[in-house]
Each structure stands twice: as structure tokens, then as C-alpha cells.
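Happy to walk through this one with you.

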Amino acid sequence: MTESSQYLSPEERARYARQLGPGVLTESQQLRLKHSTVLVTRVGGMGGPAAQMLAMAGVGRVIIAHGGELIEPDLNRQVLGSEAGLGQRRAPAFGDYLRSLNRFIEVEALDYEPNDEQALALAEECDLLVSCAPTFGERLRLGRASVATGTPLIDAAQWGMSGTLYASDPARHPCLACLYPHEPPFEEYFPVVGAISSAIGSLAALEGIKILSGAGVVMWGRMLAYDGFLCRITQLDAHFPASRCDVCRRSRQK
Ligand SMILES: [Zn+2]
């Protein structure tokens with residue numbers, strides 16, 4: 001570790017001044033963020049704000065993964081894009097935007113959704129995985145990568161005006177396959193309001209900041225369900241099923 005990596009520079013102290021102090025982060029916790037790597041899969045309505053807040057908070061290496069081009073219906077929620085980007089590939093443009101927010105971090109933008117092998121390789125180099133993908137297939141894939149590598153996972157999901165958030169350290173908490181033993185049916189064009197995407201994405205980032213820095217209390221092993229339509233918040237403790245799921249049997253600690 002170089003000398004510069006053991007301390008915050010005066011410029012970094014100034015950048016993070018409002019999040020350093022009692023009730024937020026200590027300088028050593030901010031340094032932990034600086035030396036952390038996070039993967040956010042899909043950086044649309046939820047993953048966009050999640051990646052943005054992780055980048056602005058000072059996570060040293062933020063990897064985003066999202067294929068495809070920005071299209072008109074994305075713009076009710078995808079905060080990393082704008083009308084100027086319509087028709088362009090999301091990942092390169094979103095990566096440039098994130099880099100423009102914080103010169104003290106690295107941003108890597110992958111122009112695809114990782115397959116099994118790629119998810120596993122990415123998980124090996126990450127301290128935290130944040131799934132903001134719309135499909136159960138992608139969410140469960142990242143869940144398997146989390147378990148196989150012992151990397152903590154935050155899973156964020158949304159529908160309509162509602163969303164859920166779950167945080168798992170695979171050595172200690174049920175994995176996504178424990179929670180969803182059978183992949184539920186998926187409708188490609190489900191309704192969603194940007195305000196809930198952004199709220200759940202920001203909460204995912206907050207849990208991520210605590211996990212990576214060691215600050216505060218993490219919602220480990222709990223699912224937060226926010227029904228924004230009826231304005232109801234529920235928290236549920238997740239429990240391992242009676243017999244460990246196939247994925248969890250392969251768990252190892254990082
Ligand atoms: Zn499991």
C-alpha cells in the first residue's frame with residue numbers, strides 16, 4: 001500500500017467533509033470505501049442512483065454492467081441518462097457521467113449483462129455485489145456468484161410504486177435461491193415509477209456504504225418491502241429453508 005493510499009488527501013477530506021464525523025463515517029471507514037470495489041448490475045432506475053451514490057460517497061472502484069441502448073421509456077426513471085443520450089449505448093455514457101462526478105475514484109463500464117462465468121469472475125474481484133436487475137434470472141445468477149465467492153450481496157427489486165431490498169452475507173444468511181427456490185414468471189414490460197426506483201436504489205447504496213466502510217448497522221438477512229402505493233413498510237427476517245438449498249451448500253467465506 002502506498003503512503004497516499006493510507007491517508008485521505010486534503011482534497012479528499014474536503015470532498016467528503018459532510019460525511020465524515022459522528023454518526024456518519026470515520027476517516028478510516030472512508031479509507032475502507034476508497035479501497036473497495038463494488039459491482040452494480042444494471043444501472044437503470046435503481047442501479048443508476050445506487051451507482052451514483054456509491055461513486056459520490058467515494059467507493060474507490062465502481063463497476064457497472066448494463067447492455068443496450070437508452071430508449072424513450074427509460075427516461076421516466078434512469079437518472080444516469082438524459083434525452084441527449086437517446087439511442088446511444090448506456091454503459092459508456094453512464095460510465096462517463098459517473099467519472100464526471102468524482103475524480104477520486106475509478107469507474108469501469110461493462111456494456112453487457114454478465115453471464116454465469118463473467119458474474120463469477122467479477123464477484124472474485126469485488127467486495128460487494130449490488131443486483132438491480134429486472135429479471136429473476138440475472139438476480140439469481142448474481143446470487144449464485146455471491147455464494148460461490150463469499151461476496152456479500154444486496155438485491156434490489158421494484159414493481160409499480162413498490163420495491164424490496166435484501167442484504168446477504170452468504171456465509172451467514174439465506175441466499176436468493178433460498179428466498180426464491182423457483183424462478184417466478186417475469187413480464188418484460190412491467191410498470192414502474194421512477195421515484196420508487198430511485199428510493200430503493202439509494203437505500204441499496206446506503207447499505208452498500210455501511211457494508212464496505214463498516215459504519216452503522218446493516219440490514220443483514222432482512223428484507224425490506226416498501227409498498228409505495230399503499231404507503232406501507234414491512235421488514236421480514238429471512239430464514240434458511242429446512243434443508244439448505246443447492247446454491248448454499250457450495251457456500252464459502254471470503
Ligand atoms: Zn441458499
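What follows is a set of questions and answers about this predicted model.

Q: What makes up the chain, in helices and strands?
A: The chain holds nine helices and eight strands. The eight strands form an open sheet, ordered β3-β2-β1-β4-β5-β6-β7-β8, and the pairing is mixed.

Q: Why are β3 and β8 said to stand at the edges of the sheet?
A: Each of them, β3 (106-110) and β8 (232-237), has a single partner strand, so one side of each is left without a neighbour in the sheet.

Q: How many bridges join β4 to β1?
A: Four bridges join these two strands, which run parallel. Here Leu39 has Leu129 of β4 as its bridge partner.

Q: Which way do the residues of β4 point, and are they buried or exposed?
A: Leu128 and Val130 point one way, Leu129 and Ser131 point the other way, and all are buried.

Q: Why is Asp227 called partly exposed?
A: Asp227 has 15 other C-beta atoms within 10 Å. Buried needs 20 or more and exposed needs 12 or fewer, so a residue in between is partly exposed; with its 15, Asp227 is therefore partly exposed.

Q: Where is Asp227, and which residues is it in contact with beyond its neighbours within four places in sequence?
A: Asp227 belongs to strand β7 (residues 222-227). Leaving aside neighbours within four places in sequence, Asp227 is in contact with Ser162 and Arg232. By contrast, the C-alpha atoms of Asp227 and Ala215 are separated by 27 Å, with the two residues 12 apart along the chain.

Q: Why is Cys231 called exposed, while Arg42 is called buried?
A: Cys231 has 8 other C-beta atoms within 10 Å, and the limit for exposed is 12 or fewer, so Cys231 is exposed. Arg42 has 27 such atoms, and 20 or more is the mark of a buried residue, so Arg42 is buried.

Q: What is the phi of these two residues, and where do they lie?
A: Each has a positive phi in a residue other than glycine: near 65 degrees for Arg42 and near 55 degrees for Cys231. Arg42 is found in the loop between β1 and α4. Cys231 lies in the loop between β7 and β8, and that hairpin has four residues between the strands.

Q: How do α4 and α9 pack against each other?
A: Helix α4 (residues 47-57) and α9 meet at an angle of about 35 degrees, with their axes 7 Å apart, and the crossing is right-handed. Among the residues in the contact are Gly48, Met53 and Leu54 from α4, and Gly201, Ala205 and Ile209 from α9. The contact residues divide into eight nonpolar, six polar and no charged.

Q: How do you know that the chain agrees with a compact globule?
A: A compact globule of 254 residues would have a radius of gyration near 18 Å, and the chain has 18 Å, so the two agree. Along its principal axes the C-alpha trace spans about 50 × 45 × 40 Å, and 43% of the residues count as buried.

Note on methods
Residues are numbered from 1 along each chain as its sequence is written. This is a predicted model: local features need pLDDT of at least 70, side-chain atom pairs count only at pLDDT 80 or more; totals for chains, interfaces and linings use all residues. Two strands pair if DSSP finds at least two bridges between them. The radius of gyration is taken over C-alpha atoms; the globule rule is 2.2 Å times the number of residues to the power 0.38. Axes are lines fitted to C-alpha atoms, for helices over the stretch in contact, and angles run from 0 to 180 degrees between N-to-C directions. A crossing is left-handed if the near helix is turned anticlockwise from the far one by less than a right angle, and right-handed if clockwise. Two residues are in contact if their C-beta atoms, placed from the backbone, lie within 7 Å. Ala, Val, Leu, Ile, Met, Phe, Trp, Tyr, Cys and Pro count as nonpolar, Asp, Glu, Lys and Arg as charged, and the others, Gly among them, as polar.
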